[in-house]
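Please open the structure in your viewer and keep the selection tool at hand. The tour moves from one selection to the next.

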Amino acid sequence: MKVKIVDFTKRHYSLLLSFWLPFLIMGGYFISRNMYPFGSSSLLTVDLGQQYVDFFAFFRNTLLHHPTSFFYSFSKALGGDMLGEWAYYLLSPFNLLLLIFPAKNIDAAIFLITILKYSCAGLSFAFFIEKTQHLRGLKTVMLSVSYALMGWFVAYQLNLLWLDAAILLPLICYFLNHLLLQNQQKIAYSLTLAAALIINYYTAYMICIFLLLYASWLIIAHYQSAKRFGHQILLFISNSILAAGLAAIILVPTFYSLIGSKGQYTQQLIHYKFEYFPPKMLAKLIIGSFNFQQMPSGLPNIFIGSLGLLSFIAYFFFRQFPWKERIASLLITLFLLLSLCFEPLDLFWHGMQFPVWYPYRFSFIVSFWMLLLAGRALQQLKKVPSWKIAAISSFVLYAGIILYTFLNLKKFSFVSTTNLTLTVVMAILIWLLLFWPVDLKYQPLKTCLLSIIVIVEVASNAFISLNNLSYLSEKEYAQPTAALTNNATWIHNHNHGLFRTGEVYSRTKNDGLAHDLNTGSYFSSALEKNVPDFYGMIGNPDGDNYVTYSNGTLISDALLGMKYFITPKSNLSNTQQSLTQLTEKPDLKTYRQIATNKLTKTYLNQHSLPLAYLASNQLTKTKSFYDDPTTFQTNWLKSATGHQSDQYFTPQNFNEVVFQNVTQQLRLTDTVFKKKNLAKEAKIIFKFVPTTNNSYYLTLGAPLDSDNVTFYLGNRQLNQYSTFRHAVIVNLASHAKGQEIVLTAVFKKSSLWLNHFVLYQMNNRLVNQRLSQLKKQQPTVKKLSERRLQISYTQKKSQQLVATTIPYSSGWHAEVNGQPVKTTKIQQMFLGIKVNGAGVKKITLTYRPPYLLTGLIVSLISIAVLIFSYWFYRPKYRPKKFI
């Protein structure tokens, strides 16, 4: 047994090193940074800490407790299809490791998954380069570690959902080699491409674009005859279509969901321009050329190390490679480089949508291509008479890159003089060891020394780049997570029904997803467009990919079924870290406190409706509009109850307005105020004294976000979500009769536009009266599963509108007393059912992802074709192996 292990290790040591070196390098680095479970810090940063970790918690919860959440979840904002979310975020097989760890240690699972993805990328590329370029030993290790620690992987390691693409790309290309050049392993190519499409369709789309280029390169470089050329084209197209067919069960319903989400934001206006001066991207070839500022709108991350870059340049000067291959390689290289800076091509790679943060997400493909050509060059190094020309050319061109960066150093905030010097030292050493001739007996020592320097260089880039980022501490993640877990457990133990829970404090917008709470907030790249549109109308913050239910009123809280509210305790002791308050909520004084613990309190909203309620048919005629949330909410409640003459909000004047270093004007709303002295602070102080115990609300237009003004309520900063693109409604007072309320607006710029700045008093008595009217004889809503509900009630009218606050989708199917009925869309947003005939009614709502059955049928047909092809197809062409 020991002999077999030793023999295996000798034969495959390059593959083993390609896996374990990235594992040890990145694992050691993270441990040195005290990453959990080895310290008090964590890997959670930016989207990994604000979004993905909650999706991972949802992954565990779905597989272990609520399997129907795979198709639908009410934790997705107000409810929504989840198949598209799984297709984008959660179908990586690495995520199964999350099941091994307890929910409270999910950040430890992320630690393991991250370093394993680094390792698997190294192993995958090593396998590819050995099999296609016939490199062996330390040459394989050097290139594979360069690939695993390339600039793209390091910069985007927090986007764990994309990293599988870099692991699968070498395998897909390897099997494509066999398919086109040996007419073998057709099944393997289709299966690996299908895996990429299933795991993450977004990065798989980029891989598919590259495969067109790669297949063209292979066919051109190995052209033999027109007949074989046609056969290769047919093989590539047919097997690629077969891969898409295998993945259809995920792709088809996901494509449908994209039509209503990301597909709504496709860029219509394309500028035929360069996004920046193209030579600027050369600075990204320097060690440590990444920092936080590069995340939202930086240059492409194409660092591959000096060995990869020098060998890549040298490739084009080796005459042993056929001219047609080198020309094809040059054209593909130019296309890829142009894609990194020319707007139409950049958009094309990103599915015709500009990325929100993390630009040039396809640059891992560019790095793969460069290292592939570098591998071909290393294969032929010293075997061809043109290696000296290649050596000189690579030295001159690399020196040009260094010189350009040095001369423009002040323009690159991500490049330091130290890093540039380190790059120069490393590049010179690697160039000398790569090209300088030595006696044959010293060659192993030379290769070993070269390997050490190459690995030190790419590891240095990873360490320096990641040192530029900050991370959540373990406590910053664990404390609010534990508090939310306790609150969710208490609520579910006391109520097993279907309801929503509002948050006055939060860790992220996906708290509900992570803790099985229907909070009304959500953050996802695949969020359906009608959801943020609706939030913009009711006065809550919204964006293309997020909604936050932080600005509810008594009306919206009740109509949306916000039955419970969780709020942080104030004035905690110094040993306790207070939770981050999300919003102002004086309206909690009208709700009933039902639970308390060390950190939080829980309130019950007695007026909340179920997620389905009996409403007037007038609700089907309500109109949609933005930037007037009080009127929209008024119309909603009036239409639901049928009382069209009601008025629930009354505009109020401030008792006093004080201008400090601001030009005074009589009108406040929609007036632009300017500083008198630009060098001094400017503020406007608004004062009012409530004459009743009613609720008071203030509307703020989009220009009043945190970029333009800071609001203070009394002597503390106003708790308000910082960004919003439509007017929001802020709860300033409740049960505060006779108490002076002071709101201060501090300018952040030279002027301030008080857009939609109006103070309102609510008629609480009338609102409660109408809500009580709606609550009488309301249906009983029973949640049978995440995708199946039962609504029971006794109907007294000949026709009754059963309104819901469930977002409308063609995936919802309704039966009334066992008979199918059509659903309707109300308020341009929600699901409604018109029921005829008086009597006892039992409505069953069932959600089936649209086109899931279609996708399943296509996948089954594709599997049958795959099996048939495996057993009965016999290849006609068996040319020589790829060289």
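Is Arg725 buried or exposed, or something in between? Arg725 counts as partly exposed, because its relative accessibility is 32%, where buried means under 20% relative accessible area, exposed over 50%, and partly exposed in between (1.4 Å probe, protein chains only).

Before going on, note that this is a predicted model, in which local features need pLDDT of at least 70 and side-chain atom pairs count only at pLDDT 80 or more, while totals for chains, interfaces and linings use all residues. Residues are numbered from 1 along each chain as its sequence is written, and side-chain values use heavy atoms, with hydrogens and water left out.

Now select Asp542 together with Arg725: their side chains meet in a salt bridge at 2.7 Å, N to O, the term meaning a side-chain nitrogen of Lys or Arg within 4 Å of a carboxyl oxygen of Asp or Glu. Asp542 is in strand β5 (residues 542-543), whereas Arg725 is in the loop between β17 (716-717) and β18 (728-733), 183 residues apart; strands (E, at least two residues) and helices (H or I, at least four) are DSSP runs, numbered from the N terminus. Asp542 counts as buried because its relative accessibility is 2%.

Next, select Glu528 and Lys76, which form a salt bridge with their closest N and O atoms 2.9 Å apart. Both of these residues, Glu528 and Lys76, are buried.

Finally, select Lys585 and Asp557, whose side chains meet in a salt bridge at 2.6 Å, N to O.
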